[in-house]
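I opened this notebook to keep track of what I looked up in one structure, going from the whole chain to single residues. Each entry gives what I looked for and what I found.

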Amino acid sequence: MKPHFLTLMLIFLGAASRLLPHPPNMTPLTAMALLGGAYLPKKWALAVPVLALFLSDIILGFHNTIPFVYASFLAAGGIGVWLSKHRKPGTILLACLASSLLFFVVTNFGTWLAGGIYTKDFSGLIACYTAAIPFYRNTLLGDLLFTGLLFGLEHLSLRLPKHIFQSQ
């Protein structure tokens, strides 16, 4: 097994899982970005997760806040790059929480700015963030679940004896 094969597989499986039925906002986006940043070589750390996200978005469709989704996704990938030298449970948890909050702030700002639902003033911005709070619960739960799952699988695979992956 190549050193980064599992990481690539987990990222693309995460992107594919967006196509399956799931609770609103409970997706592996943050986990994919953090995992890619933390385990892939720097030249691929952001590109591979973005490619996986883009491929799933081709099927799901694009919307007017996509630039904000990708910006927050890239920022989470940057946090993942930082994690590459700080892979401990506590720092992974903090990175997940920070990325989740960042996604909430950036994408809902995009909803306020690019959407036609809210007035373009401070009260409209506050109304947008207030309306988004119930969705944040699923985002946070999904981020914690998928980050734990993907990082746990990656961690376990690195602890397995190398001969398991070699053909006889």
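**Ground rules.** I am working with a predicted model, in which local features need pLDDT of at least 70 and side-chain atom pairs count only at pLDDT 80 or more, while totals for chains, interfaces and linings use all residues. I number residues from 1 along each chain as its sequence is written, and side-chain values use heavy atoms, with hydrogens and water left out.

**Overall fold.** I looked up the secondary structure and found seven helices and zero strands in the protein chain, where helices (H or I, at least four residues) and strands (E, at least two) are DSSP runs numbered from the N terminus. The radius of gyration, taken over C-alpha atoms, is 17 Å, close to the 15 Å that the globule rule (2.2 Å times the number of residues to the power 0.38) gives for 168 residues, so the chain is as compact as a globular protein of that length. Along its principal axes, the C-alpha trace spans about 65 × 35 × 30 Å.

The chain exposes about 9300 Å², of which carbon and sulfur atoms supply 74%, by the Shrake-Rupley method with a 1.4 Å probe.

**Aromatic pairs.** How many aromatic pairs does the structure hold? I found six, counting rings of Phe, Tyr and Trp (its six-membered ring) whose centres lie within 6.5 Å, with planes under 30 degrees apart called stacked, over 60 edge-to-face and the rest tilted. One of them joins F104 and Y136, a tilted pair at 4.9 Å centre to centre with 55 degrees between the planes. Because F104 lies in helix α6 (residues 89–114) and Y136 in helix α7 (residues 122–159), this pair ties together parts that are 32 residues apart in sequence. F104 counts as buried, at 13% relative accessibility.

Another tilted pair is F109 with W112, at 5.4 Å centre to centre and 45 degrees between the planes. Both residues lie in helix α6, three residues apart, about one turn of the helix. F109 counts as partly exposed at 32% relative accessibility, whereas W112 counts as buried at 11%.

**N108.** I then looked up N108 in helix α6, which is buried with a relative accessible area of 13%. Its side chain reaches the backbone oxygen of F104 at 2.8 Å. Leaving aside neighbours within four places in sequence, N108 is in contact with F103, C128, Y129 and A132.

**G124.** My last entry concerns G124, which lies in helix α7 and is buried, with a relative accessible area of 4%. Not counting residues up to four places away in sequence, G124 touches W112, Y118 and T119. The C-alpha atoms of G124 and W112 are separated by 7.3 Å, although the two residues are twelve residues apart along the chain.

Technical notes: Buried means under 20% relative accessible area, exposed over 50%, partly exposed in between (1.4 Å probe, protein chains only). A polar contact is a pair of N or O atoms within 3.5 Å; within protein, one must be able to donate a hydrogen and the other to accept it, and residues adjacent in sequence count only if both atoms are side-chain atoms. Contact means heavy atoms within 4.5 Å.
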